[in-house]
Structures are given as structure tokens and as C-alpha cells.
Amino acid sequence: MKDVPNPQSLKLTPPRKWLWFNIAVCFLVSGLGLWALESSNYQNRKQNEYSHTYEDLTELRIQLENIITQNLNLSQGMATYIATNPDISQKEYSAFGAQLLKRKNNIINIGAAKDMVIGMIYPIAGNEKALGLDYRKQQSEAFDAIRAGNTVLSGPLNLVQGGVGLIARQPIYLNQTGETWGLLSTVLDYDAIIKESGLLTAKHLNITLKGRDAKGAQGDFIWGKPEVFEQNPIIQTVKLPFGSWVIAATPKSGWMTFRPSTLIWSVAYIVIFLWLSLIHLRYKTVRREQKSLVNSITSARRFSDLFESHDAVMLLIESQSGRIIDANQSAQNFYGYTQQQLTRMRISDINQASPEKVYEDRQKAAFGEQNAFVMTHRLKNGDIRKVEVHSSPVETGNNTLLFSIIHDITDRFESQKKLTLDAVVFANSQEGIIITDKHRNIISVNKAFEIITGYTAAESLGKNPSFLSAQKQGKEFFIELWNTVNETGQWKGEVWNRRKSGKVFPELLSITEVKDEAGQPEYYVGVFSDITKLKQSEEELENLALTDSLTGLPNRLSLKNTLDHAIAHAKRSHERVAVLFLDLDKFKVVNDSLGHAAGDELLKSVSGRLSERLREKDTLGRLGGDEFVIILENLNSEKDIITVAKDIIELINRPFPLEEGQEAYIGTSIGISQYPDNASKGEDLIAYADVAMYQAKQNGRNTYSFYNESLTADADKQMRTFSQIKRGIKAREFELYYQPQIDIHTGKIIGSEALLRWNHPERGLLTPAHFIRIAEERGVIRDLSRYVLVAACQQLKRWQDMGFKQTLSVNISPQDFNHRDFTREVRHIVQQSHIDPNLLELEITESALMRNADAILNQLQTLRNLGIQLAIDDFGTGYSSLSYLKHFPINKLKIDRSFIQDIEEDSSDRAIVSAIIDMAKNFNLTIVAEGVEKAPQELILQAEGCDLSQGYLHSKPVPAATFTAMLENA
């Protein structure tokens, strides 16, 4: 565009006749749209009305079918009964009929017509007239049922005894011969069925039934208005025995018809009229504005030459509306729009500020209050540019135009922004920053530099950074440093510097060379951070890696290093080294009963006592848990080792005071290995001492044992067995066998004891003697106990569901009571299996009970509160007394088999058994004798008053299936 446009060249609003043509078209299109909308709405409502009517009719039909079917199903039982008992009497018939008609029904009577003559009926009262009715003379429908071999429904029809009913006639055939006995006639209350089906209460529908005598569409009208069939009704079939009815329905108010809404059409055309009136007013306003703009443009033609030819971006903008009136070529190039596109836009389409802010700025420029603005404009390609706008008002007639010159300042703005950001980063960085000139003299430092070094910027400027050096690194180090900077342009590493206070500290430093345009060094930037805390953390981590966190003693890694050094020294000096492996006895009892805090306190006390006993050159360490290792060097003989071991046992046996006035009593088992007798590697010595320690535990605990090669073989065997036990639990290789407990007076099975067997894949069926001790020592006994208890409860539930109510005894390991959640776990298993807890009996050995009586008492009481029975196993082998046992909630005593096996010959055994039975009876305890293998033994026990007998005399332990068969045959 070379000139300001002439008025004739402007594209004005179309003439008035075009406006009225559009208005007419709008009215026509609106009318057609409303008609289509009304028609669609009518179709939807009509479809909904049809669907609702169909659904309601379907519900009524189903209800009617169900009522008739349910009533006839009741009489089916009578037909079946007669077919089985053809000589039925009226009394039996009435009794059976009374049972059938207890349920809700609409049956008036049920008549039995032997040889087609009604001879029995129920109820008789009110139906006497029906007795003697001969179908052979009066009812052809009766023979329809015989011919069809199925039920035939007739009616509705008037009944002999009065009223209207439906009659269902069903042939009866004798079960044995198949001959026809006669008919069963069931009379249904027709009016009651109509009422109960809901036909009378469906007030929103006109309903008609057709099909008397189940003849469907060919039958007569039964109920309702016949004219419904002439009103385009919905029709469905009511399925009946040997026929059907037809049910039809229409809405009570009739089917809806199409009626246009006068109100909707009136309101719609009023709204359209008002809207078109507003358009007309807007049309007149726009025409006036365009004429005014034409005048303004004409008066502004004097700016044309300058505007078009200038290199600066220029826009001509209408101050009120913000319309772009004109744009020069530079503006078109800058924004990426053509002149035609720009003149169709408002400046607010480009300016990214809010419309309110854009309007406010235009008004300031129009009134001369401000003519320079910094704004953000969006180009056609989506780029956002910062611009500086200079706007001057130009008066053209009644309008004010803004002559705007736009300068792109994006690059300048971004540079200033980056400089500001860099300054903020420099000032607020947590790392110290030094900037030097090419002569390495400091020209700038940041705040972090002052905080870290203690020197202010004024004290540092002009100095070489070497004034900070702690002189811990020689000249060669710094020569190499600067050679690297000169060669690569950078260096990074650790240096030692000194603060203003004189304190030396380590720092991580990076130096970067900054070159000028000629490629020569101009500045050096050093960035450093204080790594004092990092160095301290590294030292702490190194210390933690070698130290036990609880006791402060050397840990496994540190012990290994120390032992390797001791062996190397002993090898050179031809000396001996001993390793003592300590495991605390009864520590778990303290830890589980008093809590982990008490356990930790006890471990620290143990480490203190041991440290006081050892020499300075000896080493004490903790492997973890309650395991300690002692390394003894410079030994003269084995006697020195034994002396230390005995002293340690004596020290550990002394009571350990704990918080809150409590005391802990523990012991220790010690395994000993030696260099060079047993091994030449430290890890082997520790492993062999561990093996010897287990031997000490097997020897009775609270003692020591020296390692020998046979222990390794035994330990390997135990370890294999331990691994196989864990695998066997997962593979379900363990199985419960059951040994019956017999009432010694009646000979009946009143219970059983669950005994564990291991179906070992290599060694066959194993008894607990082959694996229980290892399971207890290696810590898997609790998993095994849980396995046994779950399996026992599952089997007990199966027997319980079969109707057997005998008790089932399960042995519990003493170690189970050392866990706080033992009783909670038992409760969970019992609840999950849904057994009667009174049928479950848990057995604990006498020695285990008396060894830890106080700790176990509360747990036993909890188990009794659950309803579980409790028994003491192996009674008589410990040191308890019945007078003490009265404090425990025990139900049963099991006399150990050692007193039973010689009871015939040994009078002492008989006296002990007699005393146990007499005293137990005083506490109302049930007595079980274990190991009964001979009849004379049982006779003696019976004479002494024993209650139950268990042993090979009656049965060995047997699998569950065998024991179940024993119960079934008992």
C-alpha cells in the first residue's frame, strides 16, 4: 500500500435490502428448526410412552404367569404322592393337603378323581358339592388332560360350590405299572389371582384378557374392556398349562398425538425478533463508524509518504476500538501478516497484555499523558517479542488515531535480564567465587567467599589468591595446577586453605580460564566450597564400616582384618592365636520378655564385662545379635585359653542389673579354634569356632568346647538337615500322624495326639527325634510349630464337620512361648479354621513349664480364656510339684512312659504313678498314661484310677485317613 486508501476503495457494510433479505431467511430457517425439534421431541416422548407401557405390561404378565404356576406347582406334590400311594384314604389325603397348602396360595380346593369320579377333596368344608362329580358324564375337558398326558387349564367358569374359578386337571399315572389312576383337579380362585397379579391396581393402563379355557387368541374375552384391542394396543401372550391367554394394554389416557407448542413458538419468534432488532441497530452503528473512519483516513493522507516508505515498523490505530487502520511494509514484514490481515485485527490481538491494560495505554497516548510504552507482542509464527512503542495522537474529524512506531528490543531486554540474573547468582551462590584478572589479582568476590574465608571483599581485592593457602601442598602441586589450566582452560581438585581465624580447612576448587577475542587469557574464575563436613562424614562412615553401632566394638569386617594381621604376625613369630566364639544362653528370653531396649542394655553390659577381663593386646568384637568373638594372641599354651574361657563363663553367669530394678540371668556357650592347629585363614578360624560353640550348647550349654574335624562333619550334617527342614516346610513334606487316646474304663476313643512325621525324599519317613533338636537350635522350630498347628486345626475341622467331637492334642515347643505374639498367632489360626476351641489341646513339657514358669503363666491363661485345653507332657521327669502346678490353668497330666514300661515289676514306679494320680485327682485333672503297650499295664492303671490310655496296645500313630476310619468303625 503506497497511499492512504480512498473512501471508495474501502470494503463497507452491505446495503439495507441485503440486511432484510437475511432477516427473512433467518425467520424461515428458525421456523424449520423449531418444527424439526418439536417433531423429534414428540417421537422421543412417544417411544418412551410405548416402552414404559410395554415394561409395565410385561411385569403384570410375568406376575400373572408366576401366580398360576406357583399354585399349580403346589398340587404337583399331591399328584406325585397319589401316584406312589394309590390306595390313599381321605384322612391321609387331607393331612397331605394341609401340609401343601400351608404356603400362601389361591387354591380353593384340590380334588382327586379316581376312575374320573371325585372321591376325595381338600378342604372338604365348603366344597362338599364337588364330591361325587363324575367327569365321564359332565366334563369333556377332563379327557383332554388324559389324551394330552399333561395338565389342562379350563376357565374361568362358574363353580358348583359357588364363585368363579380356574380348573387345572392333571392325569395321575401309577408309578409301578404306568396305568391311569385318574385325575387331580385343582380349583384356583380366579378373582383372587386377578387381584394379586396387580391387574386391578394398574390404574394408568387399560388392560384386557382374552382366551377362555386357555385357547389364546381364539378364546372369549375374560376380563377388561374388549375395545382395547381396537386401540392399537401392546399385546403379549400369557403362557399357561396346555394353552395360553392374550393380554393387551393401552395407556389410560390413550396414545399421545403430535401438538405443536404455541407458547414455545411464540417465545422463540419474540426472541428472534429482538435479536434481529439488535443486529439492525448494530448495522446502523457500524455504518456510521465506517463513514467516520473514511473521513479520518482521508484527512490522514498527508502522512502517507512518510508512513509507507519508512524502515521503522509503523501502525495506524483507532484509539477507541483499537482497530488497526493501516500498517506499513516494515510492520507487515515484522509481524508476518499481510496488510489485509492486519487491517482486520485489533491491536489487542497482538499485544499480550490484558484488554483492559491495552485500552488504558491507548487512552494515555490519545490524551497525551504518555507516549512511550514497553509491551509484549506476538508475531504470526508464535514468537513473543519485547517492543518499545512510541504513539502520538492524530486528530481526523471526530476520531483520534494513534500513529505508533514500534522498535524490537527483545535482544537488549534478554541481555539485561541475563546480566541481572548472573548478578543475583553471583551474589547469592552458596559456593565461594573469586574473579581475578589475567595477572591473577582478585578483582571481585561474592558474599559466600567472605563467609567461608572470613575475609571481606575490601581485604581481598588486589591480592593473589595464594594468600589463603595453608601451605600443606608444595610448590610442585601448584605448578602442575596452573600448567593444567593453561593447557586445558580448567582445573578441578581439592586444596587446603586457611581462614582468617587461622583454622585450616579443605575445599573443592574449580578454576576456569576466560579468554578475550584474541584468544588470550583475560580473567580466571575460581569456584570453591568448604568440604570439612564431607571429610568428617567420610571418616565417620569409615569408622561405622568397622564398628558395631550398639556396643562400639569391632564388627565382623574389622575382626577379620585384625585376625588376618594376628595370623600373619604369629606366622612370623611362630606363636599361637586362639579364636573364642561366644553365644549368650537365654538372651532371647530376656529380649522377648523384657523388650529390645532391655536386650540392647544387656548386650552393652556384656561387652563391658568382657572388655575389663581381656588384656590390652586381645581383641573383643561383636558379630551381631548375641554373638561375640575374642581374638587371643601371644599364647603360651592351651591352659591360657581354658583360663580365659572359664573366667568369661563365670563373669557372664553373674546377674546383670537392668533399669527399673530388674536383673537378667544368662550364660554363655564358647567354641574355640586355634592357629595353626585348626586353620591358617581367619575366616576359617571363626567358622570352626562357631561349630565348636554349637557343640558346647549340645554338651549342656554354659561351657566351652575345642574344635576338632569331627565337629565339622556333624555341623555339615546339621546344616544340611536345617536347610532340608526349611525346604520341607515349603514343599509340605511334613505330615501329621494320630495316636488315639482311649477311655481306660469304656475302651472308646475320646481323643488323639498329633505326632509329626517327615516324608524325607531321601531318608524316608522320619520321627521328630531326627530333626526337632536341630530345628530348635537353628531357629526354625517356630515355623515348624506353626505348620503343625495349622495342619492339626484343619484336620480337626474336617472331623468336626463329620460329627466327631474328640479332642486333638498338639505338642508346643518351649521356644514358642519365648515370642510375645505366640498367643495372638494361636488365636488367629483357631479363628481362621473355625474349630471348636474346646476340642483343641496344647501340650507343654513339665521341664519347660517349670524352667520359665512366671513368663509362661500369663500366656497359658490367655490360651485357656480362648477355650483351648492345656496339658503337661512327660510329667514326673522334672522337679515340679502338684502343689505348685495348681497355680497353672492345666486340664490334663500325661504320665511319662518311663514310669509305665516297668510298672508290672517295679513297685517304685507303681507307687509314683499311684501318687501322681491321687494328687492330680485332688486338682480335678484328667490323667493320661503314655507308652501303654501291654494289657496288664492298662489293668494296673485302671485299678489306680487313671483316666486315659495311649500307646501301642491300642494303636501306633497312623495317618489321618486311617484314624478317620477308626472313628467311623468305633
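**View 1. Phe 273 in helix α6.** Phe 273 lies in helix α6, which covers residues 262-299. Helices here are DSSP runs of H or I with at least four residues, strands are E runs of at least two, and both are numbered from the N terminus. The model is predicted: local features need pLDDT of at least 70 and side-chain atom pairs count only at pLDDT 80 or more, while totals for chains, interfaces and linings use all residues. Residues are numbered from 1 along each chain as its sequence is written, and side-chain values use heavy atoms, with hydrogens and water left out. Phe 273 is exposed, with a relative accessible area of 52%; exposed means over 50%, buried under 20%, and partly exposed in between (1.4 Å probe, protein chains only). Together with Ile 270 and Leu 274, Phe 273 forms a nonpolar surface patch with about 330 Å² of accessible area. A patch takes residues with over 30% relative accessible area and no salt bridge, joining nonpolar side chains (Val, Leu, Ile, Met, Phe, Trp, Tyr) within 5 Å and like charges within 9 Å. Accessible areas come from the Shrake-Rupley method with a 1.4 Å probe, and for residues only the protein chains shown count as cover.

**View 2. Helices α23 and α24.** The axes of α23 (residues 781-801) and α24 (residues 822-833) come within 9 Å and cross at roughly 30°. That makes α23 roughly parallel to α24, since angles under 35 degrees count as roughly parallel, over 145 as roughly antiparallel, 65 to 115 as roughly perpendicular and the rest as oblique. Axes are lines fitted to C-alpha atoms, for helices over the stretch in contact, with angles from 0 to 180 degrees between N-to-C directions.

View 3. The bond from Tyr 122 to Pro 123 is cis, with omega near -5°. Pro 123 sits in the loop between β2 (117-122) and α3 (135-138). The bond from Tyr 675 to Pro 676 is also cis, with omega near 10°, and Pro 676 lies in the loop between β25 (667-675) and α20 (682-698).

View 4. Arg 440 is not a glycine, yet its phi is positive, near 70°. Its place is the loop between β15 (432-437) and β16 (442-445), where Arg 440 is partly exposed at 26% relative accessible area. His 834 has a positive phi of about 60° and is found in the loop between α24 and β31 (840-845). With 58% relative accessible area, His 834 is exposed.

**View 5. Glu 196 and Lys 104.** These two side chains meet in a salt bridge, 3.8 Å from N to O. A salt bridge is a side-chain nitrogen of Lys or Arg within 4 Å of a carboxyl oxygen of Asp or Glu. Glu 196 is in helix α5 (residues 190-196) and Lys 104 in the loop between α2 (90-100) and β1 (107-114), so the pair ties together parts that are 92 residues apart in sequence. Glu 196 is partly exposed at 31%, and Lys 104 is exposed at 73%.

**View 6. Arg 622 and Asp 548.** The closest N and O atoms of this salt bridge are 3.0 Å apart. Arg 622 is in strand β21 (residues 619-624) and Asp 548 in the loop between α15 (532-546) and α16 (556-573), 74 residues apart. Both are buried, Arg 622 at 10% and Asp 548 at 12% relative accessibility.
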